[in-house]
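Here is a short report for a reader new to this chain. Look over the sequence and the model first.

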Amino acid sequence: MTRSLDNPLLAELRWVHDMIRRDLATVRRLADDTERGGPFTAVRDGLRELNTDGPLFQLKVNCLQYCQFVHHHHSNESALLFPAVRRSAPELAATVDRLEADHRAVAGLLDEVEAAARTLGSAADRSRLVAALRTLSEHLLEHLAFEEEALAPVLASWKRWPFHG
């Protein structure tokens, strides 16, 4: 794999992905605390901690904002990065197809997390949110690792982001 330090484009992609991973770990911990019956105030304080620590570009995040960030990140990749990859590395067409399919699958999982977060209240709601977050975590972490590995060679060949033409 191409080292991030040698490739600023890959380093930027990994930087964003690492923020997603870090916050996903925090959200997953909060889900586990919720499932164990932790008090709502502890979960709320955990979400505030995400907010005050400034992850994800200093945005004030909570579960719904986190999901929107990932949706936005994937939309940008699909609209800007993937067409550039297809143009500069046509041999990666099947890989880009898989990444786009992953984005659609993750979008559905994010929608489920958002729906579960909006109705959080009862024990059943907590269980739904915990299950949604665990499923999202598993799929999203796998997707991020695959995307970085698959795109590293083409990103290493770019001297700048070739979004247009």
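## Burial and surface

What percentage of the 165 residues in the chain is buried? Buried residues make up 43%. Here, buried means under 20% relative accessible area, exposed over 50%, and partly exposed in between (1.4 Å probe, protein chains only).

The chain exposes about 8700 Å². Carbon and sulfur atoms supply 56% of that area. Areas come from the Shrake-Rupley method with a 1.4 Å probe; for residues, only the protein chains shown count as cover.

## Basis and confidence

This is a predicted model: local features need pLDDT of at least 70, side-chain atom pairs count only at pLDDT 80 or more, and totals for chains, interfaces and linings use all residues. Residues are numbered from 1 along each chain as its sequence is written, and side-chain values use heavy atoms, with hydrogens and water left out.

The mean pLDDT (the predictor's confidence in each residue, from 0 to 100) is 80 for the chain. Of its residues, 84% reach 70 or more. Over residues 54-61 the pLDDT is below 50. Beyond near neighbours in sequence, this stretch has 20 contacts in the model, a contact being heavy atoms within 4.5 Å. Where pLDDT is low, the predicted coordinates should not be read in detail.

## Helices

The chain has five helices and zero strands. Both are DSSP runs, numbered from the N terminus: helices are H or I, at least four residues, and strands are E, at least two. Among the elements, helix H2 (residues 40-53) has the lowest mean pLDDT, 69. Helix H4 (residues 93-118) has the highest, 92.

Of the contacts with a separation of 6 or more, 73% join residues 24 or more positions apart.
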